[in-house]
Amino acid sequence: MRILLIGQDGQVGQELLKTLAPIGERVGVGRSQLDLTQPDQIQQVITEVAPHLIVNAAAYTAVDKAEAEPEVAHAINAAATRKIAELAQQAGAPLIHISTDYVFDGGKNTPYTETDATHPLSVYGQSKLAGEAAVQQVAEQSSDFRYAILRTAWVYGVCGKGNFVKTMLRLGAERPEVRVVADQVGTPTWAAEIARAIATLATQWIDPTPNGDVNSSDLSGIYHFTNSGVTSWYDFAVAIFEEAEALGIPLKLKQVTPITTAEYPTPAQRPAYSVLANQKIQQVLKVPAPQWRQSLRQMLTELYSTTYESNYSLRR
Ligand SMILES: NC(=O)c1ccc[n+]([C@@H]2O[C@H](COP(=O)([O-])OP(=O)(O)OC[C@H]3O[C@@H](n4cnc5c(N)ncnc54)[C@H](OP(=O)(O)O)[C@@H]3O)[C@@H](O)[C@H]2O)c1
């Protein structure tokens, strides 16, 4: 079993390198080995690796920057995803692809299910939705193509370039006050949990019997997966500082002030409510979704031991 992991250097990609290890031989590629804006490179890598399974954790994830460069966002999140899906189908390899809560507009006030209507508010959300559609179109044209689109949300991890948790810790170390948006709610999700969910899915594609009645062809489709629970960016920030303090992470911070989205304008519009319902993945794949705060505590403990104790700067 050879697994091609595209996007190995991202937050989720780095965790996937660990969780996919017991399942098969991983061939991880980052941007330097495979630039997704170059369709020829996609073809070359997939032909050379001849994978039995492809996991795509790479994406254009700069939500605000995407408003200024929609062509690049679409090239990576939509056109490259289509190419990967076509080549996966030709290779007979199932594809696990990651998508986002930002395909929704946030107009609901109960968790979004996989069948709810999409309506992205941003270029990033549109490009990710176009990527989902591309995978589904390839599947419609070929009855034997197996795929899973895993929509997740508010991702943070120890690895990768940066995220909300690392930004809060950096600001909290520099300033007495941080102001955080309190009128957007969702579910913070640890990259390690996403990687565990993907590994569970991958395992069941290889051996579809461990949970009894799961048939590999039944697994194709869209799945929502996040940690469980609901919070706002403001309450998430408060929790980050409380947990950091408990771990002894040094902070200058004295106050976290809640503000409205209108007080913190950004180029991209974000959904006010983007909670994803986890029921389908829990029922079909038996994937647990720990409480978001429990995962935050675990992530900070790991970050503390790898970053602070070895005297690295959070700016790295
Ligand atoms: N981050 C979130 O809050 C969030 C929320 C919902 C869903 N998601 C989805 O979750 C998945 C994983 O996200 P993440 O948080 O792990 O993102 P990430 O840390 O930004 O990682 C994305 C990876 O994609 C790579 N990439 C970007 N452009 C590329 C290109 N042209 N060719 C090859 N590689 C390229 C990046 O490489 P460089 O480091 O070189 O740029 C990076 O390693 C993505 O599908 C994302 O849309 C993320």
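In the predicted model, R196 and E193 form a salt bridge whose closest N and O atoms are 3.1 Å apart. Both residues belong to helix α6 (residues 191-206), where a spacing of three residues separates them by about one helical turn.

A salt bridge between separate helices is formed by R297 and E243, with a distance of 3.0 Å between the closest N and O atoms. Because R297 lies in helix α9 (residues 292-308) and E243 in helix α7 (residues 233-247), this pair ties together parts that are 54 residues apart in sequence. R297 has a relative accessibility of 42% and counts as partly exposed, while E243, with a relative accessible area of 9%, is buried. Through salt bridges with shared partners, E243 and R297 are joined with E242 and R293 into one network.

In total, the structure holds twelve salt bridges. Among them is the pair E263 and R179, for which the closest N and O atoms are 3.9 Å apart. E263 is located in the loop between β12 (255-259) and α8 (279-285), and R179 in strand β7 (residues 177-181); the contact therefore ties together parts that are 84 residues apart in sequence. E263 is partly exposed, at 45% relative accessibility, and R179, at 47%, also counts as partly exposed.

How values were computed
Residues are numbered from 1 along each chain as its sequence is written. This is a predicted model: local features need pLDDT of at least 70, side-chain atom pairs count only at pLDDT 80 or more; totals for chains, interfaces and linings use all residues. Side-chain values use heavy atoms; hydrogens and water are left out. A salt bridge is a side-chain nitrogen of Lys or Arg within 4 Å of a carboxyl oxygen of Asp or Glu. Helices (H or I, at least four residues) and strands (E, at least two) are DSSP runs, numbered from the N terminus. Buried means under 20% relative accessible area, exposed over 50%, partly exposed in between (1.4 Å probe, protein chains only).
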